[in-house]
Structure formats: C-alpha cells, structure tokens
Number of protein chains: 2
Amino acid sequence: MTEPVDSGRAVVIGLGLIGGSIALGLKEQGLRVSGLDVDHSRAEEALRLGMIDAIGDDLSAELVIVCVPAAAVVAIVGEVLATEDRSPQVIVTDVCGVKMPLSGAIHDVRFIGGHPMAGSEQLGLDGARADLFVGATWVLTPSPTTDATRYAKLSSIVSKLGAMPLALDAADHDRLVAVVSHVPHLLAATLMHRAVIGAASDGALLQLAAGGFRDMTRVAAGDPAIWPELCAANAVAITATLDQVIGDLHELRDMVSAGDRSGLERFLTASSTARRALPAKQELPKSLVLLKVVVTDRPGILADVTTVASDLQVNVVDLQIAHSVEGGAGVLQLTIDEVRSQDLRRALVERGYRCTLEALA
Amino acid sequence: MTEPVDSGRAVVIGLGLIGGSIALGLKEQGLRVSGLDVDHSRAEEALRLGMIDAIGDDLSAELVIVCVPAAAVVAIVGEVLATEDRSPQVIVTDVCGVKMPLSGAIHDVRFIGGHPMAGSEQLGLDGARADLFVGATWVLTPSPTTDATRYAKLSSIVSKLGAMPLALDAADHDRLVAVVSHVPHLLAATLMHRAVIGAASDGALLQLAAGGFRDMTRVAAGDPAIWPELCAANAVAITATLDQVIGDLHELRDMVSAGDRSGLERFLTASSTARRALPAKQELPKSLVLLKVVVTDRPGILADVTTVASDLQVNVVDLQIAHSVEGGAGVLQLTIDEVRSQDLRRALVERGYRCTLEALA
C-alpha cells in the first residue's frame, strides 16, 4: 500500500466533534496536522490540547478535510479549492451529512465528498476522540469525474482512521440517510416532546420511561444546532420519508382502532424479524480476494465500480490504482471480501468491464 | 419489616420471560414456588431448570402472580379468585402491560394489579433471569377498595425483587405507557419497516444504519406476539397518542418543507434539553424519613396517598400498615426520600389527612 499522504501534512478546517476527532486520528497516523476554526479560541484550545500541531492553513498539505456545518460547507470547500499554490496532489474532502448540495456546486477533480457515520452526544472538542470512527461506515461519494488515484488515497486514509469506506452516489446517500438518520432523529425528538407534555401534567411519566424509551430518544440529546441546516439541505428526501412514515402510522392507527390483531401482528412480526437479522456490527471479511478491473478512457469507471460494490454489499477493504504507461488507462485493484466476490465480478462483466478475480498474494 | 409472605409459598401462572424471572427471584428469596403454564411442556422445562419447585397450583400460597398474555389475564385472574379454599390472606396480582381491563372486570379485595417495566429481546424462558427487575419501576394500581395490608406486602415483595414500586391509578398508567412504551414500539417497528423497504431497492441502506438507528429500532426486535393484544387492550390511549405524534410529524414536515430553520431549532433544542435532563437511572434516595398517615374509615386512603406520592415523584421505599384495635383504622407508615417529603406532607394535609414526618429510628 502506498502512503496516502506523501507530504505527511494535513489540514482540518472546523474543529468540532468530528474535526477534532479526525485531527487526533491523523496525528496518531504520524501526520502533521494544521487546524482552523471560525472561532479562533477553539483553534487555540485544540492546539493547547495537542489535537493539532499548528493553527492555520498549510498549502503543502496533500489532504484538506472540511468539517464545518452544512450551511457553510459549499462556500468553504470552494474557498479551499480556489486558494492558489496548493500542492498539485491535494485531496479535498468534507464530512457533511448531506451530499447533494456539494455535488451540485463543486466540480473539481481534487474534491471527493465524504460522510463519516459516527457521532456522540458529547458536543464539540470535549467529545473528540481519535477512535470515534473505529468500526463506523464512512461514505465517500465518487462522481463520474472522480480521480481514481485520489479516491484510492482517501479510501486508505479513512481505513486508517478505523472506518469502513462505502462508495455511494450523492443522491442515493441523501435518500438513504433520510431513512436511517434524519427522520429517526425527528421521531426521537417528537417522542421526547410528547413525554415532556405528558410529564407536565403527570409527574410519574418519566419514572415509567424504561430502557426502550431511553434507547429511542437517545439521539434526541445530540447537538440541536446542526439539524436545521441538515433538514434544509435534505428537505426533499426528508419530507418524502416523513410522508411515508406518517402514512404507515395512519395505517397502524386504523389497525389499533379497529382491533385488527392479525394486521398488527403481520406488521410487527415483519419488523421484529428484520431487526433481529440486523447484524450487531459490521462483520470483518474472513477471506480476501483481489478484483482487478481494467480502466479505460471510459469516464466514471471508479464511481461505477465502487458504487456497484456497495449496492451488492461487497466491502472494499483496499483500493489501489496501477497506472499503465499511457495516461488515463491502468488497472483498478480492489481488495474485497471473498463471500460476494463472484456476484460483483459477474455484475461488472455484465456492465462491459474486463475484470479478473485473483487470490491475494 | 414483617415477612410479606408468611406461608413462604407462591404460585406463578404463565412461565414466559416475566413469569420465569419472577419465579427465579422469589426462589432466591427463599420462597417455595409452584408454577403452571397452558403449555405443560414449558412448565416441565421450568421445573427441570430449577425455576419452580413444583408444577401446579398451591392453595396454601399467600401470593399468586398471574403472568399470562393480555388476552387471557382477566379470565385467569378471575379463575384464581374463584378457586375455593385459597389461603384467606392470599394476594393475587398480575404483570399485564395494560391495567384498565382488569380494573374494570375484577373487584376483589384480594387482587392488586401490577406491571413491571422490564423486559428483554430474548423471548420466553431462555431470557428469564432473577435480576431482570433490578432497578426497574414496577407499577402497582391500588384502587379505592385496595386492602392496605395486602398492598404493603406486595410492595415489599416487589422491592425484594429489586424493583421500585410505583403506585398509579389504572387509567393513568394506561395513558402514560401509551406515550413511553406502546407508541414508541409502533414507531420503532415503522422505522424498521421503512428500512426494509429501502434496503430492498438499495443494498447499502443497512450499512448506513449506525448506532442511532440501532438504538431506535432495538425494541422492535421484541416478541411481536404480545403486541396486538396490548394494542387492542389500550386502543383508546394508543390512538390518541398516535394522533398527537402524527400531528407533530405533520408540523415538522411542514417546517422542513418550508425551510423554517428557527422553528426546527426551537423544537429540537427543547427535546435535546429534556433528553439530557432525563436521569441515566433512578437515583436511590440519600436520606430517608418516615411519613405517618392516620387511616380512618374513609375509603380509598391507600390508593390516594400512594398515587399522590407517585405524582409528586416521591419514591416510597417501604410501606407498612399498623392496625389499631378497631378494624379498619390504623396508621399507614411510608418510608420515603427526604427530598420532596415536605411537599408530600403538605399535599396530604391539604387533602384532609392527619399526618406527621419523623426521622427514621
């Protein structure tokens, strides 16, 4: 594996929970990390706590991670890319929970969107930990113009922070996080809202709040400040999912009201079975194989191959690009779990790729 | 403290997760426990596992705990009470998650409704543990005709199983559990339902399901078989709460759709603050005092005093009844947390009770 950041220098912009944790993780990897924050006192605190090595930008850095709130991310990424004299190899990425605004506004081969699916109820620098991302899924959103070399390097950086990179189309990401993150957060806040109203007229309510209620409302304790912007940025997917959930709840309400026991049992059994099938955590692959895909001049190969792998739930453990002597062509080498490797090979052959599966040397 | 079960014998009817756990807990207290189940092989397994000492009823038992599903509980409690030659001191209780059907159907001084707020995703006898109730709230539903001596004994039994007894009016209980348990369960099942539909068209969805989603859907894994009956038995409160939640979600949907950031931030900040204020677990009282209430012939004193305490969030650690020589009169002695003890005393005096607060001997 080549070193993903040859200069050994990185910049983290925005030193909150995620930015602080990334800075700590990169420093543990031996990188020299510069950091900035719109709140200069926060940058000073990060420096004092040893989370960053210096305050400010670093034009020689080959990695710039923008960890600012959703409302600011497009502007800041734009500024970073517009700064002259950056390293020609620079990779710019972000951690925003909604990807479409960036993919719509930023068309620069140096930028690849990202979203680590990790967090904490502890806010800001106090919650920052180098191991925040261990075992977490870290979405990367390659586009048809994404540079395969940069993608391979960024994927390796994410892996070294302990996370599992997962390639997704930006629009797919936004639609899916509405279901697994944004709407659940709104539901948790709604439950807590109802409990507060109930407790106001009956003090015993909160004494009845057992483990299940606590589990369901835990995410509602998270930083409320980040959510209005996330909701605004992902309004279409969130309202669509909310409409579906409201529709489901109407159906359930009618079943309860009508005493439709068999309808309720069907619905609840299906959900119970599905929840039991959800693995407690991502399983690490037992046996790895190497999938080689010939990269031609056809655009979008990197995005296509990696998102097909994600859709088939094939975990890409490592990704390398071996360039041929001619520019543009080469071989994409994906280290993947053996389990669904033949499915992925077949899917890629059907899409017209030349590819082979090999045992790992 | 007098021994709550003088005969040292108890009967548990229905040997599932809750019944099995109660049987184990009572045996740990040194009681001889007989057990029955409509599925005789289950009773045999409980006997083989040492959860019960004998299969069958025990007319000499002074405690009968009915742990059958909601659909059967009224009939079984009725049968238990109708059996001739029971111990004259017998206390009959149940563990059903909805209390109004029982309180409407059973009018017998020997019966006091109960609901331990504990559970497990493990179903049946496999999940049974003597410590399942440690730290849990165990609701008791005294009525105006409840016998104070029996209530005091049952409260003590619940405490010895590690739970904290909480007196609630049956109708209040049902209204409150709709908010903190029944509707949250339906929301968790709905989220899981949406995730299953999303995952069918996009395999990556479940890889995005991070800790928050797992927390929110955990209860959906519980036994789906018990829920249709609970929903039917508590249909009025559940549909009312679902209507309120649907109304809240409509408001949130409109705020998201309109980009109303300040409205969203207000709503989410209030929920975040409330969730952060929810104690991680019930706090044990630091200092205890004794509240003595004179019991006259006025009916409903026990139910009134204990539910006023619950409403003021006063934890009743122990409850005794000292009878005077005349029948019916006596002194109710509540061992309570000092913190809100003066509030409780004042509330009871306002309601016309004669009561005093004393330091514990």
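This is a predicted model: local features need pLDDT of at least 70, side-chain atom pairs count only at pLDDT 80 or more; totals for chains, interfaces and linings use all residues.

Biologist: Which residues of α3(B) are buried?

Modeller: In general, an α-helix has 3.6 residues a turn, so residues three or four places apart point the same way. In α3(B), the buried residues are B:Ala70, B:Val73, B:Ile76, B:Val77 and B:Val80. Viewed down the axis of α3(B), these buried residues fall within an arc of 105°, so they line one face of the helix.

Biologist: What covers the buried residues of α3(B)?

Modeller: The cover includes the strands β1 (9-13), β4 (63-66) and β5 (91-94), together with the helices α4 (100-105) and α8 (227-233), of chain B.

Biologist: Now the sheet: in what order do the four strands of the open sheet in chain B lie?

Modeller: As a general idea, strands of a sheet pair through backbone hydrogen bonds, either parallel or antiparallel. Here the order is β10-β11-β9-β12 in chain B, and the pairing is antiparallel. The edge strands are β10 (316-323) and β12 (355-359) of chain B, each of which pairs on one side only.

Biologist: How many bridges join β10(B) and β11 of chain B?

Modeller: These two strands pair over seven bridges, in the antiparallel sense, and B:Val316 stands opposite B:Ile336 in β11(B).

Biologist: Which strands does helix α11 of chain B lie across?

Modeller: Helix α11 (residues 301-311) lies across β9, β10 and β11 of chain B, running at about 15° to β11(B).

How values were computed. Residues are numbered from 1 along each chain as its sequence is written. Chains are lettered from A and ligands numbered from 1 in the order in which they are written. A residue is buried if 20 or more other C-beta atoms lie within 10 Å of its own, exposed if 12 or fewer, and partly exposed in between; C-beta atoms are placed from the backbone. The arc is that of the directions from the helix axis to the C-beta atoms. Two residues are in contact if their C-beta atoms, placed from the backbone, lie within 7 Å. Two strands pair if DSSP finds at least two bridges between them. Axes are lines fitted to C-alpha atoms, for helices over the stretch in contact, and angles run from 0 to 180 degrees between N-to-C directions.
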